[in-house]
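Here is a short briefing on one protein model. Look at the sequence and the structure first, then work through the points by topic.

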Amino acid sequence: MSKPGFVLDVDERSAPTLLFEGENVRVQRLPPGSRVIYPPASLPGIQDVDAAIRHALLHPHGIEPLPELLQPGMRLTIVFDDVSLPLPSMCRPDIRGRVIEDVLELAARRGVEDIELIVANALHRRMTPSELRHVVGERVFRAYFPERLRNHDAEDHDNLVHLGLTGAHEDVEINRRAAESDLLVYVNVNLIALNGGPKSVSVGLASYRSLRHHHNTHTLRHSRSFNDPPNSALHHSFHRMHDVIGGQVKIFSVETTVNGDSFPTAMTFLNKHEWQWNAVDRAGFLGVRHGNRILPPALRRRLLNSLKAPYGVTGVNAGTPTAVHPHTLKNVHRQQVTRIDGQADVGVFGVPYVGPYNVNSIMNPVLAMCMALGYLFNFYLNKPIVRRGGVAIFFHPLPKVFHPVHHPSYIDFFEEVLSTTTDPEAMETAYEEKFASDPWYIHQYRTGYAFHGVHPFYMWYWGAHAMQHLGDVIFVGADPATASRMGFRAAPDLAQALEMAADTVGPSPSITCLHTPPITMADVR
């Protein structure tokens, strides 16, 4: 049994709360009367992961055991989540690589020879050879790269196939090799409730022609938490597309979940409650905080990106995407969900240094906004932790720094689009098509390691629901000019931020802090 999460009522004796502030950490005293939401204790990992994988492949939900689906002469395609999952990256061996090795072993026994492996990177940047090697393992990498292990290319129109329209007239266009396979095996890491299920194939292997139907302002404004699928217009679209795909492609999904052990031993203070810190934890915190302050930015980012998480695997389940996913979500919720009664006037969030779109890269201001308003704000079930018209306070410096290789269109988005409008609907109408079809951005996406030209728009839309819901957004420690360009306010510290928030919520607001790490999902009643 896991220990449930809990809500701390802050008083004068409470320890300061640990918060990320981008590439650094801090401890912050919250006003008495504030609430802090903590996740359940980290679940124990499965002792025999190999046995769990074999059991999942032989006892799937809603479909025959994998060996019965494998036949000589068939075309088998194995697809897996890209570098955006999990966060931080997993220590070797990555669970995806372990599953893939078992699938390949079964395929070899059954005489299957036509096998390809594809990264479900959609419009994300391509994974590098070293990143691929880390995920699939040395043996698979050597055997399949580069001819039979590759990234999905959403702009390779000769190798895309249009499968039809949904009942809502949404185009369903995915990778041709996957669509024309006799069996598609999808291997995922379900880090949060947003991931997995019908989303995996319908998003990971899609083209812009498909993705534009749900990665848009209207859909995302009507998604009441991306992590609450029944109340998410985003997931409703995934399901409609999956119905079209599943009618033509046989999919065998292997979904895995991990616990809350997000940081290595040297940084265990990040996985502990603040009042449980011992002398070693306090020294570790001070070392990280002061070290990050004095290190040159490039070296600091290199060290942060080198951190690998010693996750324990908490579940391996297989089956059809719709049949297996409820079992996966159950494990995700066991690890992350904490119930809380009532919404707050003010929400406080620490924004970490890494998100799905800056692995081995830089969290630029647009990605920091997405992490704050798109992800952290949406870590809830039922209702946001902040009431409608309330204020969200995020800790992040918002430095105006971009990775020129990974995020070229972000630079132009920040300078050209945000200087004109911050309204998601207005920029979608005026600028999206231009960026999405730009030949240079497409070239960089296809031949380099750049995110697709349209990607910064999607990240801005990701925050559309939060921007519509909130009365004000304040970034503590942020560069004022950068915050202003994005339509937000900057404050030097929490006290000043709360004074500014008083204009919206009054002088004595209720305050709730969502504590991360590890990932916390608030079930707001």
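L398 is buried, with 0% relative accessibility; buried means under 20% relative accessible area, exposed means over 50%, and partly exposed lies in between (1.4 Å probe, protein chains only). The phi of L398 is near 50°, a positive value in a residue other than glycine. This is a predicted model: local features need pLDDT of at least 70, side-chain atom pairs count only at pLDDT 80 or more, and totals for chains, interfaces and linings use all residues. Residues are numbered from 1 along each chain as its sequence is written, and side-chain values use heavy atoms, with hydrogens and water left out.

**Loops and backbone**

- L398 sits in the loop between β16 (386-395) and α15 (408-417). Helices (H or I, at least four residues) and strands (E, at least two) are DSSP runs, numbered from the N terminus.
- S225 is not a glycine, yet has a positive phi of about 85°. S225 lies in the loop between α9 (217-221) and α10 (233-246). S225 is buried, at a relative accessible area of 0%.
- F145 and P146 are joined by a cis peptide bond, with omega about 0°. P146 belongs to the loop between α5 (138-144) and β7 (149-151).
- T516 and P517 are also joined by a cis peptide bond, with omega about 0°. P517 is in the loop between β19 (511-514) and β20 (521-524).
- T128 is in the loop between β6 (114-120) and α4 (129-136). Its relative accessible area is 18%, so T128 is buried.
- The side chain of T128 makes a polar contact with the side chain of S130, at 3.2 Å. A polar contact is a pair of N or O atoms within 3.5 Å; within protein, one must be able to donate a hydrogen and the other to accept it, and residues adjacent in sequence count only if both atoms are side-chain atoms.

**The sheet**

- Seven strands form an open sheet with mixed pairing, in the order β1-β4-β19-β14-β16-β17-β18. Two strands pair if DSSP finds at least two bridges between them.
- Which strands stand at the edges? They are β1 (6-9) and β18 (489-491); each has a single partner strand, so one side of each is left without a neighbour in the sheet.
- From one strand to the next, the twist averages 25°.
- β16 and β17 (residues 472-476) run parallel and are joined by five bridges. F394 stands opposite F475 in β17.
- Helix α22 (residues 494-505) lies across β14 (344-350), β16, β17, β18 and β19, and runs at about 160° to β16. Axes are lines fitted to C-alpha atoms, for helices over the stretch in contact (heavy atoms within 4.5 Å). Angles run from 0 to 180 degrees between N-to-C directions.

**Nonpolar cores**

- In soluble globular proteins, nonpolar side chains tend to be buried together.
- The largest nonpolar core has 134 residues, and I78, F80, V185 and F252 have the most contacts inside it. A nonpolar core is a set of buried Ala, Val, Leu, Ile, Met, Phe, Trp, Tyr and Cys residues joined through side-chain atoms within 4.5 Å.
- Helix α14 (residues 365-376) gives the largest share of this core, ten residues.
- A second, separate core has 22 residues, including L19, A501, I511 and C513.

**Cysteines**

- How many disulfides does the structure hold? It holds zero. A disulfide is a pair of cysteine sulfur atoms within 2.5 Å.
- C513 is buried, at 0% relative accessibility. The closest cysteine sulfur to that of C513 is in C370, 20 Å away, too far for a bond.
- C91 is partly exposed, at 28% relative accessibility.
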